[in-house]
Amino acid sequence: HYDSRGTFGSTTAPGANDDGSGIAALLSIARALGTSDVTFSSPVQLVAFSGEEQGLVGSSKYASHLASLSPAFDVKLALQMDMLAYRKPGEPMQLAFPNQLATKSATAHVWAIADIYTPELHQGYTPVCCSDHQSFWHNNFPATWVFERAGPIADPMYHNSADLSQRDGYDPQQLAAIARVVTATLLDLAASQL
């Protein structure tokens, strides 16, 4: 999602991690795919939503629209990237998945791909809830998300005016590793061909 919110401190919210990190990954994936010779046997949509911070507004509208089509649009997987770049000092690079409000088989599939392509990421679950994948899950589409840390949110600048990329803990290497997982998942599910 490309919106951000300042709740603590100033209401100004640069949102470098929440969710500039997810948007940076999305744009990097789009650039890589757009400059490659990869073709797909299934449609691929890279979507950035607004209104996530106000209650999943954009993704709810979009997922509901896809479900209302007759026949319903065939979604193989909705994979959300939200807050990918913060790494608490002293912790290893991580990749977390939701422990609720997601499709378990979808999460297991992405986890298995991460095992292959990014063994440097320590994987686990997070109790953090509420991101755009839920809109698809509520409409009975397979959906999951990737997050920066197993356990609760640790970013001290979450929803804060100091959510900047030039700060302690903002880790571009972790961000890039998680983007590789998402790219590998996309290539796997869309049956890419060179």
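The lining of the largest pocket in this predicted model sorts into 21 nonpolar, seven polar and four charged residues. Here Ala, Val, Leu, Ile, Met, Phe, Trp, Tyr, Cys and Pro count as nonpolar, Asp, Glu, Lys and Arg as charged, and the others, Gly among them, as polar. As for the word "pocket", picture a 1 Å grid over the protein atoms alone: a pocket is an open set of points with protein on both sides within 12 Å along at least five of seven lines, while a cavity is a set where a 1.4 Å probe fits but cannot get out. Lining residues have an atom within 4 Å of a point. Grid points are joined across faces, edges and corners, and a volume is the space filled by probe spheres set on the points.

| Pocket | Volume | Lining | Nearest its centre |
|---|---|---|---|
| Largest | about 740 Å³ | 32 residues | Q45, L46, L77, A78 and L79 |

Which elements give two or more residues to the lining of the largest pocket? They are helix 1 (20-34), helix 2 (57-68), strand 1 (78-81), helix 4 (133-138) and helix 5. Helices (H or I, at least four residues) and strands (E, at least two) are DSSP runs, numbered from the N terminus. The second largest pocket has nine nonpolar, three polar and four charged residues in its lining.

A cis peptide bond joins D18 and D19, with omega about 0°, and D19 sits in the segment before helix 1. Another cis bond runs from S70 to P71, with omega near -5°; P71 is in the loop between helix 2 and strand 1. L56 isn't a glycine, yet its phi is positive, about 60°.

A few ground rules: residues are numbered from 1 along each chain as its sequence is written, and side-chain values use heavy atoms, leaving out hydrogens and water. Local features need pLDDT of at least 70, side-chain atom pairs count only at pLDDT 80 or more, and totals for chains, interfaces and linings use all residues.
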